[in-house]
Amino acid sequence: QVQLVESGGGLVQAGGSLNVSCAVPGSSFGHYYMAWFRQAIGKEREFVVSISPLGVTTYYSDSVKGRFTVSRDNAKNTVYLQMNSLLSEDTAVYYCAAADTYVRPTTDDEYDYWGQGTQVTVSS
């Protein structure tokens with residue numbers, strides 16, 4: 001079983017920044033397409049961003065484009081999400097997910113492993 005462990009969530013004021021990370025122990029991290037999703041209370045889970053196994057290709061949702069930046073360090077088995085200019089509507093539990101593929105997943109179901117989530121709260 002592959003474990004994904006998110007960290008770095010917290011409370012921040014609107015306009016502020018926060019960085020969350022997701023560690024994936026094991027030797028296969030460099031083979032995984034990684035993504036961040038989020039789910040706010042009362043809403044469905046929403047795709048945020050994905051990054052290819054070698055970090056060459058990224059894909060952002062329109063709602064975060066220009067404000068969030070995803071990156072990964074395959075030597076540290078970790079993917080990061082830098083969130084800037086945060087808005088109250090960014091408040092959600094953020095989940096990282098991994099797909100054992102080199103082809104960009106286009107649905108949630110294509111992701112094989114999920115983390116437990118980390119809460120991000122943006123106060124207005």
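These entries go from the overall fold down to single residues.

**Entry 1: the whole chain.** First reminder to myself: this is a predicted model. I counted secondary structure and got eleven strands and zero helices. Read along the sequence, that gives the pattern β-β-β-β-β-β-β-β-β-β-β. The radius of gyration came out at 13 Å, close to the 14 Å of the globule rule for 124 residues, so the protein is as compact as a globular protein of that length. I also took the spans of the C-alpha trace along the principal axes, which are about 40 × 25 × 25 Å. On burial, 43% of the 124 residues count as buried. Then I looked at contacts between residues at least 6 apart in sequence, and 57% of these join residues at least 24 apart.

**Entry 2: the open sheet.** I traced a four-stranded open sheet with antiparallel pairing, in the order β1-β3-β8-β7. Which strands stand at the edges? They are β1 (5–7) and β7 (68–73); each has a single partner strand, so one side of each is left without a neighbour in the sheet. Ignoring direction, neighbouring strands of this sheet are turned by 15° against each other on average. I zoomed in on β1 and β3, which pair in the antiparallel sense over three bridges. One residue I checked there was E6, and its bridge partner in β3 is C22.

**Entry 3: the disulfide.** C22 made me look for sulfur links. The structure holds one disulfide. It joins C22 to C96, with an S to S distance of 1.9 Å. C22 lies in strand β3 (residues 18–23) and C96 in strand β9 (residues 92–99), so the link ties together parts that are 74 residues apart in sequence. The angle about the S-S bond is 45°, and the link is right-handed. Are the two cysteines buried or exposed? C22 is at 0% relative accessibility and counts as buried. C96 is buried as well, with a relative accessible area of 0%.

**Entry 4: T78, a contact of C22.** I moved on to T78, which sits in strand β8 (residues 78–83). Leaving aside neighbours within four places in sequence, T78 is in contact with S21, C22, A23, F29, S71, R72 and D73. T78 has 10% relative accessibility; the cut-off for buried is under 20%, so T78 counts as buried.

**Entry 5: β4 and its partners.** β4 and β9 pair in the antiparallel sense over seven bridges. In that pairing, M34 has A98 in β9 as its bridge partner. β4 also pairs with strand β5 (residues 46–51), again antiparallel, over five bridges. There, A35 stands opposite S50 in β5. What do β4 and β5 form? They form a hairpin with six residues between them, and G42 in the turn has a positive phi of about 80°.

**Last note.** Going back over the entries, C22 is the residue I kept meeting: it is the bridge partner of E6, it is joined to C96, and it is among the contacts of T78.

Definitions and conventions. Residues numbered from 1 in each chain as written. Predicted model: local features only at pLDDT ≥ 70, side-chain atom pairs only at ≥ 80, totals over all residues. Heavy atoms only, no water. Disulfide = S-S within 2.5 Å. Helix = DSSP H or I, 4+ residues; strand = E, 2+ residues; numbered from the N terminus. Buried < 20%, exposed > 50% of the residue type's maximum accessible area, 1.4 Å probe, protein only. Contact = heavy atoms within 4.5 Å. Pairing = 2+ DSSP bridges. Axes fitted to C-alpha atoms, helices over the stretch in contact; angles between N-to-C directions. Rg over C-alpha atoms; globule rule 2.2 N^0.38 Å.
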